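Please keep the sequence and the model in view while reading.

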Amino acid sequence: MPALGFGSGTRSDSQEISDAVVCAIKLGYRHFDTASVYGTEAAIGAGLAQAMDAGLVTRPQLFVTSKLHSDMHDDVLGAVKSSLSNLKLDYLDLYLIHAPLKIRRTNYASFPAEEDFLPLDLRGTWQGMEECLQQGLARAIGVSNFSVKKLQDLMEHAKVIPAVNQVELHPVWQQRKLRDFCSSVGIQVVAWSPLGGLGKPWGSRSVLDNPVVQELASKYQKTPAQIILRWITTRGLGAIVKSYNPDRLAQNLQSFDFSLSEQDLAKIESIAPQERLAKWEMLCNSTTSPYKSPQELWDGEL
C-alpha cells in the first residue's frame, strides 16, 4: 500500500474530482481513497478509467480503497459490489468498515437522527467482510475509526485480522496507544485528516499552526503540511490527504524528498496536550445509540 494516498472527502464537483485523479496519477499518486458515503466513487472511477485508457497507469499499479457505510452492515456483499460498480473496477485493493456503528438507510447529507441507530452485530459484519475477501472482491479488508478495545473485540472472533485501521491522526492527536497495539498485532495504521481537517465542522488550524510544526517548517524550508506528512511516513504510517489542487498534490509528494532528524521527530512527538479533534458527539445519545458519550464511542481514547 503506497504510504501517501489521494483522499476524496465528501461530495464535490464530479469533473473536478476526475480531473484531479488524472492529475494525481501523472504526478505519481497510486493510492486512491473513497467511500460510499462520500458520494465520490463514480468520479474517482471515471478519473481512473480515463488514466488507464490513456496508458498512464495499469490496474495492478493502482491501490484503491473504499468503505462500508454504516447503513449497509446487513448486506456487505451488496455494498462492495455497488462500490465496484460505481468505480468501474473488478476488485478493491482494500475495503474498510467505515465506523463501528450501524444505522438505518438515511440521508447521507445529514447526521443520524435518534431513531436511526440500530444494534451493531460486529461479528456478522466482519464475516461479510471476510466473504468479500474470499470472493476476490477485495484483496484486503480492514476497519476505520476503531479503538484498541474495539479491535480486540473484533479479533476475538475474526478469522482474518484487519489489515488496516484508518483513523484520525496528526501531531495534535498522535494515537500512541493505538499505534503501539496495532504494531504488536500487525495492523497498518493510516491517518485521515493528517493536516487537521480544515473545512470540516471539527477541523482546526491547531495542527498546521502548531509552534513545533511551524519551527520545523522554517528550519527545513518546507511547508507545515510537508513536515507533518514526513513525520507520519517516517514512522511507518500511511496518510490520506484530500486536495484537488495540482500544486498542493505536488507539494504533498515532495514530503518524501527530505528527512527529519531523530531529534526533530522527537520534538513532534513531545507536542502536548494531545486531543482528538473529531469526537463525533452527534453519534452519541442516551437512548438509541450504542454509545452514550464520546468517552464510550472511543473507549476513553480522547
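Which residue in β8 stands opposite Val 143? Val 143 has Asn 165 as its opposite residue in β8. The model is a predicted one, in which local features need pLDDT of at least 70, side-chain atom pairs count only at pLDDT 80 or more, and totals for chains, interfaces and linings use all residues. Residues are numbered from 1 along each chain as its sequence is written, and side-chain values use heavy atoms, with hydrogens and water left out.

Strands (E, at least two residues) and helices (H or I, at least four residues) are DSSP runs, numbered from the N terminus. Two strands pair if DSSP finds at least two bridges between them. In general, strands of a sheet pair through backbone hydrogen bonds, either parallel or antiparallel.

| Strand pair | Bridges |
|---|---|
| β2 and β3 | 3 bridges |
| β3 and β4 (residues 94-97) | 4 bridges |
| β7 (residues 141-144) and β8 (residues 164-168) | 2 bridges |

Strand β2 pairs with β3 in the parallel sense. Between β2 and β3 the chain passes through helix α2 (residues 41-53), in a right-handed β-α-β crossover. A crossover is right-handed if, with the strands pointing away from the viewer, the path from the first strand over the helix to the second runs clockwise. Strand β4 runs parallel to β3. The passage from β3 to β4 goes through helix α3 (residues 76-87), and this β-α-β crossover is also right-handed. Within this pair, Thr 65 stands opposite Leu 94 in β4.

**His 31 and strand β3**

His 31 belongs to strand β2 (residues 31-33), and its bridge partner in β3 is Phe 63. His 31 counts as buried because its relative accessibility is 2%, where buried means under 20% relative accessible area, exposed over 50% and partly exposed in between (1.4 Å probe, protein chains only). In strand β3 (residues 63-68), 6 of its 6 residues are buried. The side chains of His 31 and Thr 65 form a polar contact of 3.1 Å. A polar contact is a pair of N or O atoms within 3.5 Å; within protein, one must be able to donate a hydrogen and the other to accept it, and residues adjacent in sequence count only if both atoms are side-chain atoms.

**His 98**

An unreviewed UniProt entry lists His 98 under "binding site"; such annotations may be inferred rather than shown by experiment. His 98 lies in the loop between β4 and β5 (102-103). Is His 98 buried or exposed? His 98 is buried, because its relative accessible area is 13%. Residues that His 98 touches (heavy atoms within 4.5 Å) include Tyr 38, Lys 67 and Ser 144.

**Gln 188**

Gln 188 is placed in strand β9 and counts as partly exposed, at 29% relative accessibility. Its side chain reaches the backbone oxygen of Gly 236 at 2.9 Å. Gln 188 also touches other residues, including Met 1, Asn 165 and Gly 238. From C-alpha to C-alpha, Gln 188 and Gly 55 are 31 Å apart in space, and they are 133 residues apart in sequence.

How values were computed. Lists of a residue's contacts leave out its neighbours within four places in sequence.
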